[in-house]
Amino acid sequence: MARITRDEVLHVARLARLELSDDEVSKFQEQLSDILEAVSKVAELDLADVPPTAHPLAIENAWADDVPRPCLPLDEVFANAPDRDGDYFRTPPA
Amino acid sequence: MTVDTLRLTAEETNGLLTRKEASSDEIYRAYLEAIDARDEELHAFLHVCDDDPGEGIPIAVKDVIGTRGIPTTAGSKILESYVPVYDATVIERCRARGLRVIGKTNTDEFAMGSSTENSSFGPSRNPWDPSRVPGGSGGGSAAAVSGGLAPWALGSDTGGSIKQPAALCGHVGLRPTYGTVSRFGVVAFASSLDQVGPVAKSVRDCAFLYSVIAGRDENDSTTVDVPAVELPRNHDLKGLRIGVPTEMNDDAPGIEPGVRDAVRKAIELAESLGASVDECSLPLSVEYGVACYYLVAPAEASANLARYDGVRFGLREDGADFREMVMKTRDVGFGDEPKRRIMIGTYALSSGYYDAYYGTAQRVRTAIKREHDALFERFDVLVSPTSPTVAFPLGAKIDDPVAMYMNDVLTIPSCMAGLPGLNVPCGLSEGLPVGLQLIGPQFGENTLFRAGHALERALGFDVVPERLR
Amino acid sequence: MSTWEPVIGLEIHVQLKTETKMFCRCRNGFGGEPNTQTCPVCLGFPGALPVPNRRAIEETIKLGLALDCEIAERAVFHRKNYFYPDLPKAYQISQYDEPLCSHGKLAVPTPDGEPVIGITRAHLEEDAAKNIHVAASGRIRGATATLVDFNRGGTPLVEIVTEPDIHDSETAKRFLQLLRQTVVELGLSDAELEKGSMRFDVNVSVRPAGSDELRTRTELKNMNSFNFAAKGIEREIARQIRVYEEGGTVEQETLHFDPAHEESPPMRSKEEAQDYRYFPEPDLVPVHPPEDLVDRFRTEIGELPGARIRRIADTLSFYDADVLVTGGLDRLWSAVVDAGADPKEAANVLANQFVATGTDVSAVDAGELAKLVQARAEIPRAAFDEALAKVGEAGFSADPYLAQKVVADASELDPVIDRIIEANAGQAAQYRGGKHGLLGFFVGQVMKETGGKADPRVVNERVRAKLG
C-alpha cells in the first residue's frame, strides 16, 4: 500500500480545518502512513457478498412526536460563547 | 467514624448510610480527604466538586460526560473553559438516586487513547505503581476507584476505555451492550461505538450502577429498553458454557506469559465452579478487528469533532476571517491524537477512498458481528485476558501510535460487534493486576454479572493496591 | 431556425411547517427574537443528539406519494460535512443514497400538451441557520464580522430534485407553480417564496436539437419569483446558444440572482465542494415507513392539482383552469358553479375581483357567492365590490346587495344627464367640437351623481345621444 503523500496530508488537513506547521506535516505524514498501512489490512478480505454494518443495533424508526419542548434561556445559549454581539453569536467574517 | 475509602465497595459505603453510621456529608468529606491525600500523585481528577448536592454516596464521573454547571473538558484544551448548561441523561439518572458527583476524572483527549497520556492536562498514574499508566482512556476513573478516591465511577468505552483501565488497575468495569445506556450529553468520540458504563470495586456494584443508568432514553435514538437487572448472589457456575477463543488467549498477539497464566488459572477455577469450558475460534475478529476499528472510529470522530469551531463554545483563536479562525482554533485546541484520528477519518471518508477504507471496514464489521453471533449459539460467555499486558511504564508507547493501538486488540472485537464485556481482576503478574475479560451476547449483562460475581468470590482478589494497604 | 434544445433541471427546497424542528423539539417558527428558539441539539453543543420529527417524515412520504415516487423500505440519514458559521455541527444531517422518496414523476399540463417531468428524489434534511454579514460598507466582500441566529437552524426541509426533463422556461415555471400548489394543498408548507419557505435552483444547459448529450450546465440561484425564474432561464438559454454559436465554451458556474437576498452557502474551493464526505449518520437508525401508514396516506391524497387543471380545462379555457387551480381557487369555483353560477363568469370573478379582496377561500359561503356572481350585471358596481369584500364574513348574506338594483331606466337618468351637461357647458362645447375623449368625464359625473347605482352601459348610450 502506497504511503500517504505530503500533498494528501495537506489536503485532509484543509478538509478538516487543521492548520499544520511544516514540522507537523512531516511528523503526521510519517505516522499517518504507518496507521494507514496497518488499517489497510481490511482490504485483504473478500467481502463482496457481506453487507455493511453502520450500527451494531438492529432497530429502526426511532422518532419523536411533533410536540414542542422549552428552549434554552438566552443566558444559557450564550453561557460558553467566545464572542457575542447582542443576541447573536459573532465570528470573523465568513 | 472513619470511612475506609480504599476498601469499601459502594454497596458497603451505602450500608453506612442506611444504617445511619455515617451521614452523606461525612462520607462525601471522607472521599474529599482521600483526594487531598492521594490525588496529587495519581492525578485522577481534572476537577473536584467541593459540595455537590444529593443525599446519597459520591460518584466520580469521567470528564467526557456532561455535567450541568461543572466543567467538562473531555481532557482537551479546546474545552478547557467549557461548562455545560445541561446534564447528560446518565447524570440525571444518578442524581435521581441521590448520587453526588465528587469530581470529573481524567481521560485521554476525547477518550482517544489507552494510557491517559493523551490528556491535555497531564497523565494519571496507576495506584499500584505510579511510574506506570492506569490505562485509558478512562484512566482517571480507574485510578480514582482503585486509589480509594471514589466508591465507584462512570466511564465511557469506545474500544476498551472502561475494560482496559479496569484490568490495569485491578478492579471491575462493565462496557454495556451498545444501545442500553444513553449517550445524550456525553461528548462524542465514535457514535456507533461509544457506551457509558460503570467502574467499581465489585461486580455487584457494577450491576447496581448499570441498573441505575441503563434503559431507553427519548433523547438518544439509538437506545432500547433493557431486561431487568439481577444483582448476582450465586456462588457457583453450574451450567455456564464458557468459550475460550484461542486467538485471544494462548495465541493472542503480544500476550505476556504472566497474563496468560493468571487467565488460565481463572478459567480452571471457573471449571471447578461447575462451568463447562471449551476452546473456540474468532480468527477474523482478532486479525482484522483493530484495523476495522481504526477506520470506523476515526471516520465518525472526524465528523463528531468538527463542531469544535470556536463559534458557540470552547476555545477561540483570532483569525482574519472565519476559515482562518477555525483552522487556528483547532490547531491550538486539539492535541496530536485527535489530529491524527481526524485526519485518518477524513481520509477514509474522502472521495475516491470511501469504498476502499470506510466502506470495507463496515463490511468487516458485519463479518466480526457474525463470527461472534455464531459462537454465542454454543457458549454463554467468552473469556480472554482484557489486556495482553499489565500496566506499562509512562512514555513506553507514546511515540508509536500503532503499538499503542495494538494494546486494544482483545477489547476491540466485541466492541465492534456491540457486545457487553466485563473486566474482573484475576491475579497479579510482576506485582501488577491482570484482568479477565468476560464477553456476553447482546443484552447478556445478567449472565456476565453471575459469572463475574462467582469468579470474583472464588478468586478472592484484593482490589486495594499492595503499596496502599 | 432553432437548432438548439435547452435542458433544464430543478432543485427545490420546501420548509415544512411542523410545530418543531427536524431533530429537536424547539419550535419551528418564523420571526422569533434571535437565538430564542434554540437548544443544545440545534446549537450543536457537545453531547447533544438528534431525534427525528415523526411528522416531518410522514409529510415527506405524503409528498413523495403525490409525486408518484417509490417510498423507500429503508431510508437512511447521512452526514454531509463542511464548515460554515450557520452549520453548528459542521455537518448537515441530510439524505444521500437511500432517500425516503425516489423515481417519481409529475405531469405538467400546458396549453400544448402535458410533459411528464421525472422526479429523481425527494428527501428530508435540516436547514442551516441564518448568517448576517455585518459590513461598514454594506457589501458582503467588505464584511467585518458574521453574526449567527440559530432559530432557523435544524428546521425541516424537503429537497426535491427533478430529472433534466424540462426543455423550455414556460414548463419550468408551470412545474414550480404546480409543485407549490401541491405542497400547500397537502398542508406541508406555506411555500412562500418571499419568506424563503420555498426556494429553488435551476440547472440550465443547451445541446444541438436531436442529440441526447448533456453539456456543461450553469446553476441559477436565488430567484424570488416564478416569472423572474422564467425570464432568467430564457436569458441564460440565449446566452449559452450565443456562446456556442460564436465558437466558445460554456463554463460551469453559479449565477446569483437577487443579491439582496443572498443566503447561499459559502463559495467553497473546488476540492471541498467535491468532497462532502457523506457517511451514514451513526446517531440515527434507519427509517422503515410502515406499510399501513403509506397505504393510508395513499388513500388520503385527493385529486391532485394537475388532474384538476385537466378536468376543468374541459369546461373552461386552459388558462382559466390553470389560474384557478394554481391560485387555489378551483374548489370554490366548483362549489359556486354547483350552486348555479355561470362557469365562465364565476371564473372571471374569482380570478380577478375576488383574489384582489384577499378573502380566505375556506370562509366563503359558495351559495351566497353564486348569487352575487349571477346578479353582477344587475346591481351597482359599488354594491358588488362591497359585497365581494364581505363575502368571507360570518353570516354574510347577498340579499341586501341584490336588492340594490342598478338604475337602467332612461326616464330616470335623462334629467340627471341634462343637469350635468348644463352645468358643464364648456366641456359639452368642446365635445361637440370633436374632443370625444370627454365622454368619460360626463359618464363619471353621472355615476357620481347617482351614487354608483346607474348602469354604466345605459349612461354611456344616453350621454352620447344627448351630446350628439
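**Entry 1: chain A, fold**

I began with the secondary structure of chain A, which comes to three helices and two strands, where helices (H or I, at least four residues) and strands (E, at least two) are DSSP runs numbered from the N terminus. Following the sequence, I read the pattern of chain A as α-α-α-β-β.

I noted that this is a predicted model, in which local features need pLDDT of at least 70 and side-chain atom pairs count only at pLDDT 80 or more, while totals for chains, interfaces and linings use all residues. I also noted that residues are numbered from 1 along each chain as its sequence is written, and that chains are lettered from A and ligands numbered from 1 in the order in which they are written.

**Entry 2: chain A, confidence**

I looked up the pLDDT, the predictor's confidence in each residue, from 0 to 100, and found that chain A averages 94, with 98% of the residues scoring at least 70. Within chain A, confidence is lowest in helix α2 (residues 22–39), at a mean of 94, and highest in helix α3 (residues 74–77), at 98.

**Entry 3: chain A, shape**

Chain A has 22 Å, whereas a compact globule of 94 residues would have a value near 12 Å. The C-alpha trace of chain A spans about 55 × 45 × 20 Å along its principal axes. Of its 94 residues, 33% count as buried, meaning that 20 or more other C-beta atoms, placed from the backbone, lie within 10 Å of the residue's own.

**Entry 4: chain B**

For chain B I recorded 14 helices and eleven strands. Its radius of gyration is 21 Å, close to the 23 Å that the globule rule gives for 469 residues, so chain B is as compact as a globular protein of that length. The C-alpha trace of chain B spans about 70 × 55 × 45 Å along its principal axes, and 67% of the 469 residues count as buried.

**Entry 5: where the chains meet**

Counting two residues as in contact if their C-beta atoms, placed from the backbone, lie within 7 Å, I found that 55 residues of chain B are in contact with 42 residues of chain A. On the side of chain B that touches chain A, the elements giving two or more residues include α8 (283–304) and α9 (322–333) of chain B, and α11(B) gives the most, with eleven residues.

Terms used: The radius of gyration is taken over C-alpha atoms; the globule rule is 2.2 Å times the number of residues to the power 0.38. A residue is buried if 20 or more other C-beta atoms lie within 10 Å of its own, exposed if 12 or fewer, and partly exposed in between; C-beta atoms are placed from the backbone.
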